[in-house]
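Hi everyone, thanks for making time. I'd like to talk through aromatic contacts and pockets, so let me put the model up.

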Amino acid sequence: MQSCLGIYIDNLMVKYSKISKDKDNIKIESSGVKFYENLSNTIEQIVQETNSQRIPIAVNVVDENYDYIDVFSLLNKNDIKKSIDIEFEMLCNERGYDKNLYETRYILSVNRNNPDKMKAMNVSIMKNTLIERTRPFEKMKLGFATPISTSIVNLLNLDEKPNALIVNIEDTTTVTTVINGIIDDVDRINEGMKEILAEINASENSLSKSYEICKNTTISSQDGGITEGNEYLDVVMPTLYKIVNEVK
């Protein structure tokens, strides 16, 4: 049986789930949320509580950049990589960045505007940022450090629905577009849970309580019915409306 501990780190919050897989059956063995002051201590506590010392750990990265580069579809794999590297270096020069300070990966998709080319989504992150994110896991079995906007696609059954739009609302919001089973585009929306939690916390003076309030808030349906437990709808709804409009 394969197992993995997934950790998502936000501004002051760590979300985690321990997953096991037996053939095609996936089971969530444990999951939770912890608010932290000392990130390393909190991660160590999660690993101990979930008994994950000997299994791979996956963690999200932050502050990654997305650039879209056209490459000729007839190029071989090595030439595609060289072409993307050259284009990314030119972009860095235009922006006044040092290309050598970045770690990069790319995803190829069909260029719907030009059948002779493919579109490469080049994902880059500063090496120092990556080092800081992975530092708390130095004594652990860290298997993956990846953007949530690309790894979240693994939750979908793309055999049944190869086209999808995934809206993931965290501190900020990312929108991942999947076309024919391949990630085609990632957009960022500045609005997200950060503003909502901060405003609720100003009244409640407890981040954990503010988080639980958000989890238990019910959004009214189109018939206008309002249920109990929605005392902060006036805080939640403006941000959600902005996200919905951006997604549209």
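Phe88, Tyr97 and Tyr102 are linked by ring pairs into a cluster. A quick word on the ground rules: this is a predicted model, where local features need pLDDT of at least 70, side-chain atom pairs count only at pLDDT 80 or more, and totals for chains, interfaces and linings use all residues. Residues are numbered from 1 along each chain as its sequence is written, and side-chain values use heavy atoms, with hydrogens and water left out.

For rings of Phe, Tyr and Trp (its six-membered ring), a pair needs centres within 6.5 Å; planes under 30 degrees apart are stacked, over 60 edge-to-face, and the rest tilted. The count by this rule is three aromatic pairs. Take Phe88 and Tyr102: their ring centres are 6.0 Å apart with planes at 85 degrees, so this pair is edge-to-face. It joins distant parts of the chain, with Phe88 in helix H2 (residues 77-95) and Tyr102 in strand S6 (residues 102-110), 14 residues apart. Helices (H or I, at least four residues) and strands (E, at least two) are DSSP runs, numbered from the N terminus.

Phe88 and Tyr102 are both buried, where buried means under 20% relative accessible area, exposed over 50%, and partly exposed in between, using a 1.4 Å probe and protein chains only. Then there is Tyr97 with Tyr102: centres 6.1 Å apart, planes at 35 degrees, so that pair is tilted. Tyr97 has 42% relative accessibility and therefore counts as partly exposed, while Tyr102, at 12%, counts as buried.

Now, the pockets. On a 1 Å grid over the protein atoms alone, a pocket is an open set of points where a 1.4 Å probe fits, with protein on both sides within 12 Å along at least five of seven lines; lining residues have an atom within 4 Å of a point. Volume is the space filled by probe spheres set on the points, which are joined across faces, edges and corners.

What volume does the largest pocket have? About 1,100 Å³. Its lining has 30 residues, and Gly6, Ile19, Ala58, Ser151 and Leu155 lie nearest the centre. S1 gives the largest share of that lining, seven residues.

The second largest pocket has a volume of about 450 Å³. Of its 20 lining residues, Tyr8, Asp10, Val62, Asp63 and Thr172 are the closest to its centre. The elements giving two or more residues to this lining are S1 and H4.
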